[in-house]
Amino acid sequence: MNPDLPERYEATFVLLPAGENLTCHLNETQYRALALGMTGRLQVQGSRFVSFEPA
C-alpha cells in the first residue's frame, strides 16, 4: 500500500427485486457503518451514494 495515495472505499449493493448490483464509492465513515448481509434502504443520485438506512 502506498501511503501517498488516498484510500478508496466501495461497496456493492444488491438491488431488489431485480437482483442487479450497484457499486458505489463511499467515504471511510460510510463504509465502516456497513456489514455484509445488511438489508435496508439505499439512496443514490445517479450512481452517487447518498445514504443507507438499515432495516
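Reader: By the salt-bridge rule, what does the count come to?

Author: The count comes to one salt bridge, meaning a side-chain nitrogen of Lys or Arg within 4 Å of a carboxyl oxygen of Asp or Glu. This is a predicted model, in which local features need pLDDT of at least 70, side-chain atom pairs count only at pLDDT 80 or more, and totals for chains, interfaces and linings use all residues. Residues are numbered from 1 along each chain as its sequence is written, and side-chain values use heavy atoms, with hydrogens and water left out.

Reader: Which side chains meet in the salt bridge?

Author: Those of Glu28 and Arg32, at 2.9 Å from N to O. Both residues lie in helix α1 (residues 28-32), four residues apart, about one turn of the helix. Helices (H or I, at least four residues) and strands (E, at least two) are DSSP runs, numbered from the N terminus.

Reader: Is Arg32 buried or exposed?

Author: Arg32 is exposed, with a relative accessible area of 57%, whereas Glu28 is partly exposed at 38%. Buried means under 20% relative accessible area, exposed over 50%, and partly exposed in between (1.4 Å probe, protein chains only).

Reader: Where is Leu22 found?

Author: Leu22 is in strand β2 and counts as buried at 19% relative accessibility.
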